Each structure stands twice: as C-alpha cells, then as structure tokens.
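Okay, everyone, thanks for coming.

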Amino acid sequence: MTHDVAQTRRVPDPAPDPAMALAPNATIGIIGGGQLGRMSSLAAARLGYRCHILTPEADSPAAQVSAACTLGDYEDADALRRFAEAVDVITFEFENVSAAGLELLQSIRPVRPDPSVLRISQDRVTEKRFLNESGVPTAPWRAVGSLEDLHQAITELGLPGVLKTTRLGYDGKGQAVLRQPGDVANAWARLDPKPLILEGFIDYACEVSVVVARGTDGSGSIFDAVENRHRDGILDLTLAPARVAASTAAEAARVAWRVAEALDLVGVLAVEMFVDRAGRVMVNEIAPRPHNSGHWTIDACPCSQFELHIRAVAGLPLPPGLRHADAVMKNLVGPDEAALWPQITATPRLIPHLYGKAEARPGRKMGHVTRLFPRGTLPGDEEIAQALGPAAPR
Ligand code: AMP
C-alpha cells in the first residue's frame with residue numbers, strides 16, 4: 001500500500017534548488033543527546049554531514065557517534081550561543097527548549113523545523129486547538145486550570161476521561177484515567193505541573209501512527225501507517241504496516257499530511273492516532289521529529305525516517321517513504337530487556353540496535369530490535385512472538 005502524497009498537496013512544488021542544499025561536510029546541530037539524535041547522526045554521516053550535539057549529559061548516546069558535542073543546559077544562553085555558532089543548521093530531538101532559547105538559536109542559524117512548530121507541540125492545549133482549527137479530529141477536550149474547571153469539564157465531557165499535564169508529559173507520564181467521581185481529587189492533587197487538560201476517554205480499537213517528512217520546498221514523503229502497542233505507557237511494539245482497513249490507513253496518511261502542511265513543517269513529523277471501532281482516526285499527539293514508532297524504517301525502507309529528517313533539514317530532495325518489507329519493531333526497555341542482549345545478538349534475523357546507555361534504569365529505552373517479513377506477509381501475534389524469539393513481548 002502506498003499513499004500518494006501528491007494528491008494532498010495544494011500546489012505542484014518545484015524541485016528543491018540544489019544550490020540551497022547543505023554542502024557535504026557541513027555541520028548539522030542537533031539539540032538533545034538521546035537515541036533519536038544518535039540515529040539521526042548516523043544517517044547524517046552516511047550523507048557526508050557532521051553532527052554537533054547539544055546536551056547536558058556527558059557520554060550521551062548521540063554524542064558517542066557525532067563529530068562534536070557542546071555540554072550544556074538547554075536554557076544556558078552561553079552554551080546555546082556557542083553551539084549555534086559552531087553549526088550550519090539546527091534541528092532537535094528534544095522538544096522542550098524554552099521560547100527564549102529558541103529565539104536565541106534562530107537569531108544565529110536557521111532552525112528546522114521552525115520554532116513555532118515546537119511551541120505548538122510543547123503544550124497539549126495549544127496542540128489540540130491547532131489541530132481542531134486545522135480540521136483535524138481529536139478526542140473531545142477541555143483546558144483545566146483549576147479544580148472548578150475540572151468539575152465543569154467533567155460535567156461537559158462525562159467520565160471516563162483522561163487528565164493530563166499540558167507540558168512535559170511523555171511515555172504515559174503525567175496523566176491519570178478518571179473512571180469515577182472519587183478519582184478526581186486525588187488525580188488533581190497528584191498531576192504537576194499545572195495547568196491540565198481533560199480528554200474524553202477513547203475506547204479505541206488500536207493505536208496507529210504515521211511518519212511524514214516535508215522539505216524546504218513543501219514537497220512531501222510519507223510512510224505507511226503502523227500499529228503501536230504500549231506497555232506501562234511506553235511503546236513496546238510497532239507493526240508495519242498497521243492491520244487496519246485500507247481506507248483507515250489512507251485516512252491516517254491524509255491526516256498526517258494535513259498536519260505537516262498546516263504546520264508548514266520542514267523535517268519529520270510523527271502523528272499518533274487512535275482508531276475507533278468504526279475505523280475513524282483521531283489524533284492523540286504529534287511529535288515534530290523522528291519518532292520511536294518509525295525506527296522500523298531503518299531496516300525496512302531504502303530511506304529511513306532519520307535520513308528523511310536529515311535530508312529535509314539539509315534541503316536535499318526527499319525520496320518517497322517506500323517500504324520493501326513488512327516489519328515488527330520491539331523496544332528493549334529497562335534492565336530486564338537490556339539483559340537479553342546476548343541472546344538477541346545470537347538470534348539470526350533479529351536486527352539489533354543498542355543506544356550506548358551506560359545504565360539500564362527501569363522504563364529507560366535501551367535499544368530495539370527489528371524483524372523483517374517479506375512484504376505482505378506480516379503474521380499474526382503468535383507467530384510474531386515466535387519470530388522475535390528472546391525479544392518476544394512478555
Ligand atoms: P500520551 O501520553 O498522550 O501519548 O498517552 C499515552 C497512552 O495513554 C496512549 O498511547 C493511550 O494508550 C492512552 N491514552 C491517552 N489519551 C487517551 C484518551 N483520550 N483515551 C484513551 N486512552 C488514552
């Protein structure tokens with residue numbers, strides 16, 4: 001299944017001007033030192049670019065494979081300035097840089113995607129408002145600044161609902177499911193920082209995501225919708241392609257592209273969606289960067305999400321998001337799954353990826369494995385578990 005991005009474009013786009021592309025050996029600055037930066041840096045190296053990482057963490061996964069690193073806090077103006085002056089273009093794998101920090105960076109070098117995109121995705125209320133104003137469906141929601149607001153929101157939306165912090169939530173942190181009125185006071189007291197957002201609880205059939213890339217010239221590239229399964233709020237398994245109706249996959253792709261265009265995005269964007277029992281999609285959240293649910297593209301696609309991101313940031317043409325195999329991606333989370341490494345590397349056909357993190361804390365993403373299947377032959381859950389061998393979900 002391929003999605004024709006051209007159908008959803010507003011105007012035919014000219015080919016990117018090669019004179020505007022970043023020259024080989026130029027330096028791409030990446031804000032954030034985690035695994036997304038690491039895999040972006042590896043993709044950049046293959047295209048002949050150097051990467052320079054800004055991170056407060058010594059020996060970070062990204063810096064281990066990059067040409068340079070500025071050690072500094074994301075709010076340290078001096079570090080931000082030194083970093084920006086040392087690179088040719090700036091992108092990020094970590095989104096929570098303050099508005100002032102982003103302005104400073106932008107005053108020195110081009111930042112891609114534009115900081116306005118981050119400002120939208122950093123805050124769940126801003127994000128949902130933007131999505132709804134762009135004609136993109138989400139769960140019903142209300143902004144919640146006080147306990148009175150929360151009671152009012154529950155009156156309007158009903159229970160169950162999901163109460164979330166508007167900022168700094170990830171991997172299911174900073175949220176609580178409200179099932180009955182007795183859950184309210186405790187959840188309000190526990191969730192910080194305020195303000196919060198209440199969302200209607202979606203009884204979804206499955207969760208899917210679409211990774212899309214958009215270039216400096218507005219051209220686009222899109223991967224097939226994939227299905228995501230979470231454990232303890234953390235992505236556990238991604239199945240590519242999603243086992244949903246073709247019409248649902250096409251709708252998910254259309255929605256993702258609409259979001260990329262509405263944002264005037266340059267770079268890669270992941271759009272996470274719920275699929276309800278009628279096959280309709282609703283956006284849960286967006287991430288304007290490479291995403292965990294796109295890691296399978298490294299092994300199953302001629303051009304991965306990381307290469308597409310680097311190409312977009314560098315002003316290179318974007319090849320289509322082709323997929324030459326079906327794939328399953330299993331995250332390796334925490335000490336128990338990290339300890340499976342010897343068995344995983346000893347299992348033929350598991351493609352191992354380790355992020356170079358020294359310490360395996362509970363809930364920490366340590367690596368992932370990909371298992372490929374010939375296109376069109378993604379098996380059922382039991383066979384997938386067998387095929388993953390020692391990495392099978394427990
Ligand atoms: P989030 O941090 O928003 O990505 O949410 C983490 C997980 O919580 C999602 O992947 C869903 O499994 C679940 N979840 C979040 N929001 C809702 C909702 N409105 N209705 C049902 N489940 C939700």
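Let's start with the second largest pocket: its lining splits into 11 nonpolar, 2 polar and 3 charged residues. Here Ala, Val, Leu, Ile, Met, Phe, Trp, Tyr, Cys and Pro count as nonpolar, Asp, Glu, Lys and Arg as charged, and the others, Gly among them, as polar.

Quick background: this is a predicted model, where local features need pLDDT of at least 70, side-chain atom pairs count only at pLDDT 80 or more, and totals for chains, interfaces and linings use all residues. Residues are numbered from 1 along each chain as its sequence is written, and side-chain values use heavy atoms, with hydrogens and water left out.

So which residues lie nearest the centre of that pocket? They're Met39, Leu42, Ala43, Ile298 and His353, out of 16 lining residues. α1 (35-46) gives the largest share of the lining, 5 residues, and α1, α10 (305-314) and β16 (351-354) each supply at least two.

Now the ligand. There are 15 residues around the ligand, and Lys164, Gln175, Ile202, Glu207 and Glu285 come nearest; being around it takes a heavy atom within 4 Å. That shell divides into 5 nonpolar, 5 polar and 5 charged residues.

On to the atoms. Polar side-chain atoms of Lys164 and Arg124 each sit by a ligand oxygen, at 2.8 Å for Lys164 and 3.0 Å for Arg124. Glu199 has a side-chain N or O atom 3.1 Å from a ligand nitrogen.

Key: 1 Å grid on protein atoms, 1.4 Å probe; cavity = no way out; pocket = protein on both sides within 12 Å on 5 of 7 lines; lining within 4 Å. Helix = DSSP H or I, 4+ residues; strand = E, 2+ residues; numbered from the N terminus. Polar contact = N/O pair within 3.5 Å; in protein donor to acceptor, adjacent residues only side chain to side chain.
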